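Good morning, and thank you for coming.

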Amino acid sequence: PNIPLGTKEGRTCETLRRLHIQKKLSETDIELLESMGFRWHSLEDVYRTADFDQLFQRLQQYQKENDGDVSPPKKYGPDPELGAW
């Protein structure tokens with residue numbers, strides 16, 4: 001799920017990301033977080049970390065599924081990264 005950064009859980013996510021960058025998480029911790037779908041970048045970082053071609057393809061798919069609309073809501077549940085992009 002997309003956890004707002006201003007919450008206690010959001011701050012925990014920021015801490016986990018920082019620990020990962022600092023290589024202070026064990027492989028077991030990393031595997032567990034990844035198995036839960038944890039994103040190592042926040043949606044606020046999507047402009048820096050996103051692959052343009054991949055997101056453009058997803059936007060084209062969104063367009064096909066939404067009668068030509070190319071503006072997914074910012075908090076687009078099925079693809080939060082696309083909405084943030």
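Gly10 is found in helix 1, and the model in which we see it is a predicted one. Is Gly10 buried or exposed? Its relative accessibility is 0%, and therefore Gly10 counts as buried. The C-alpha atom of Gly10 is separated by 9.5 Å from that of Ser42, a residue 32 places away along the chain.

Let me stay with helix 1. This helix covers residues 8-21, 14 residues in all. From its first C-alpha to its last it reaches 20 Å, close to the 20 Å expected at 1.5 Å a residue. The buried residues here are Gly10, Cys13 and Arg17. Why do they lie on the same side of helix 1? They do so because they cover an arc of only 55 degrees around the axis.

Arg17 deserves a separate word. Its relative accessibility is 14%, and because buried means under 20%, Arg17 counts as buried. Its side chain reaches the backbone oxygen of Arg39 at a distance of 3.1 Å. Just after helix 1, Lys23 takes a positive phi of about 60 degrees.

I turn now to the chain as a whole. Along its principal axes, the C-alpha trace spans about 45 × 25 × 20 Å. The chain has 85 residues, of which 25% are buried. If we take contacts between residues at least 6 apart in sequence, 35% of them join residues at least 24 apart.

Next, the interior. In soluble globular proteins, nonpolar side chains tend to be buried together. Which residues make up the largest nonpolar core in this model? There are 7 of them: Val46, Leu55, Leu59, Tyr62, Tyr76, Leu82 and Ala84. Helix 4, residues 52-65, and helix 5, residues 80-84, each supply at least two residues of this core. The largest share comes from helix 4, with 3 residues. Leaving aside neighbours within four places in sequence, Leu82 is in contact with Leu55, Arg58, Leu59, Tyr62, Pro72 and Tyr76. There is also a second, separate core of 5 residues, which includes Cys13, Leu25, Leu33 and Phe38. Cys13 is also one of the buried residues of helix 1.

Leu55, Leu59 and Tyr62 are buried in helix 4. Because they cover an arc of only 55 degrees around the axis, they are on the same side of helix 4. On the other side of the helix, Asp53, Gln57 and Lys64 are exposed. The N-terminal end of helix 4 is capped by Asp51, with a side-chain oxygen 3.2 Å from the backbone nitrogen of Asp53. Helix 4 is followed by Asp67, whose phi is positive, near 50 degrees.

My last topic is the aromatic rings. How many aromatic pairs does a search of the whole structure find? The search finds 4. One of the pairs is that of Phe52 and Phe56, which is stacked because the ring centres are 5.8 Å apart and the planes are at 10 degrees. Phe52 and Phe56 are 4 residues apart in helix 4, and are therefore separated by about one helical turn. With a relative accessible area of 36%, Phe56 is partly exposed.

Phe52 also forms an aromatic pair with Trp85, and this pair is edge-to-face, at 5.6 Å centre to centre and 65 degrees between the planes. It links distant parts of the chain, since Phe52 is in helix 4 and Trp85 is in the segment after helix 5, 33 residues apart. Trp85 is partly exposed, with a relative accessible area of 26%.

Thank you for your attention.

How values were computed:
Residues are numbered from 1 along each chain as its sequence is written. This is a predicted model: local features need pLDDT of at least 70, side-chain atom pairs count only at pLDDT 80 or more; totals for chains, interfaces and linings use all residues. Side-chain values use heavy atoms; hydrogens and water are left out. A nonpolar core is a set of buried Ala, Val, Leu, Ile, Met, Phe, Trp, Tyr and Cys residues joined through side-chain atoms within 4.5 Å. Buried means under 20% relative accessible area, exposed over 50%, partly exposed in between (1.4 Å probe, protein chains only). Contact means heavy atoms within 4.5 Å. The expected span of a helix is 1.5 Å times one less than its number of residues. The arc is that of the directions from the helix axis to the C-beta atoms. A polar contact is a pair of N or O atoms within 3.5 Å; within protein, one must be able to donate a hydrogen and the other to accept it, and residues adjacent in sequence count only if both atoms are side-chain atoms. Rings of Phe, Tyr and Trp (its six-membered ring) pair if their centres lie within 6.5 Å; planes under 30 degrees apart count as stacked, over 60 as edge-to-face and the rest as tilted.
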